[in-house]
Amino acid sequence: NKAGVYGVKVTDKNTCISSDSLSIQTLNPPLFNWPLDSSFCEGNFLTLNAPSDTKTLTWQDETSTPSYKVSVTGKYSLIAISNNGCIDTATIQVNEISPPAFTLGPDTILCSYQSLLYNFNLPDASYLWEDGNTNNNYSINKAGTFWLTVNQNGCSASDTLNVEYKQPPVVNIGSDTTLCEGATKLLNAKATNASYLWQDGSTNAEYSVTSSGKYFVIATSDNCVTSDTININYKSIPSFSLGKDTFLCTGMQLKLSPVITASSQYLWQDGSKQSFFNVLNAGTYSLKASNECGYFIDSIKVEQGICELFMPSGFTPNGDGLNDIFRVKYVFPVKQFEMIIYNRWGQKIFETTDENKGWDGYYKGLAASMDTYIWMIDYTDENNARHAQHGTVTLIR
């Protein structure tokens, strides 16, 4: 089983000798350098080459070319006979590999506020962008031509994208503002070749404002969108009341401090500019409240007098027109009044909530007897101070 000279010597029983020899030489078969399997990228092919020192070649399809172009996945074999007559056979499995599957998308037009973000996660892949970047993620935020080449499993693929940029419509409906009650503001969102959508669904380029609120518009042109917002407040003319004409007790004071519906400047009848005024004497008092939207004036008349409760110590209900009624001697303004009269046994014989009314000396339609009676009065004066007094009165007949 190896090269060399092989000899034999034969001797018979009669001592006759004979010999022979043979020289054996080893010849090399065809030299194959094929691996067990190989591959080619989709759209390409693989060339299988036969050994160079061959006299006869036979491929699996009975062809006999010195090379074989493989473009389909499969098993390929070759029988080769060398010039020295040696035969050898080789077989190889060839697979077609798909290129990396990705896309940058179609050429596009973007608005100035838009960008394209890519993030590819192909296993065992490498990346090369047009600017030399080798990351799998990439951001496009300007116009230009962009390409990416991806290598995976020995196969590569490329894609190119053209990007253009355009400006969105320019819209400005103004700054936040305050208007006077009754005023109208026209908001104008006009832009070239734009459509509009306001907060209430209206689609005109202009919008008329008549009340407080937040207003916004969305303008669209060539699929680019712009929006703007404005806050509008309405301010009213001042409104207030100094109250009804009133009565001021001697020695007391009344503070006029009206609640005004809008921020204002104050001007009282004497030229003072405080938000309140202390009334010490009878008279007519007025206030002018003004702001940038207008003014309002109100006045109040104040009378002054004694506010002490004087009650008679007796009365004579005899019908002579003199001292026939027991009541408050000097009536003054009150907000609430109640007078109750009891007899000596605690029975309520008279009651009124009218300061101008009194007891006529009768009880249940009959003349009350001469006696001393107890009165109790509870009242609230014009300055909201509450008072309670009591005493006795003698009925004389």
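What follows covers the disulfides one by one, and then the nonpolar patch. Keep in mind that this is a predicted model.

With sulfur pairs within 2.5 Å taken as bonded, the count comes to 3 disulfides. Start with Cys 41 and Cys 155, whose sulfurs sit 1.9 Å apart. The torsion about their S-S bond is about -100°, so this disulfide is left-handed. Cys 41 belongs to strand β3 and Cys 155 to strand β14, so the link ties together parts that are 114 residues apart in sequence. Cys 155 is buried, at 1% relative accessible area.

Next up is the disulfide of Cys 111 and Cys 224, with an S to S distance of 1.8 Å. This link is left-handed too, with -105° about the S-S bond. Cys 111 is buried at 2% relative accessibility, and Cys 224 is buried at 0%.

Then there's Cys 180 with Cys 293, joined at 2.0 Å. A torsion of about -90° makes that disulfide left-handed. Cys 180 is in strand β15, while Cys 293 is in the loop between β25 and β26, 113 residues apart. Here Cys 180 is partly exposed at 26%, whereas Cys 293 counts as buried at 16% because the cut-off for buried is under 20%.

Now for the surface. Tyr 113, Leu 197, Phe 216, Ile 218 and Val 225 make a nonpolar patch of about 390 Å². Leu 197 sits in strand β17, residues 195–198, and is partly exposed at 40% relative accessibility.

Note on methods
Residues numbered from 1 in each chain as written. Predicted model: local features only at pLDDT ≥ 70, side-chain atom pairs only at ≥ 80, totals over all residues. Heavy atoms only, no water. Patch = residues over 30% accessible without salt bridge, like charges linked within 9 Å, V, L, I, M, F, W, Y side chains within 5 Å. Areas by Shrake-Rupley, 256 points an atom, 1.4 Å probe, with all protein chains shown as cover. Salt bridge = Lys/Arg side-chain N within 4 Å of Asp/Glu carboxyl O. Helix = DSSP H or I, 4+ residues; strand = E, 2+ residues; numbered from the N terminus. Buried < 20%, exposed > 50% of the residue type's maximum accessible area, 1.4 Å probe, protein only.
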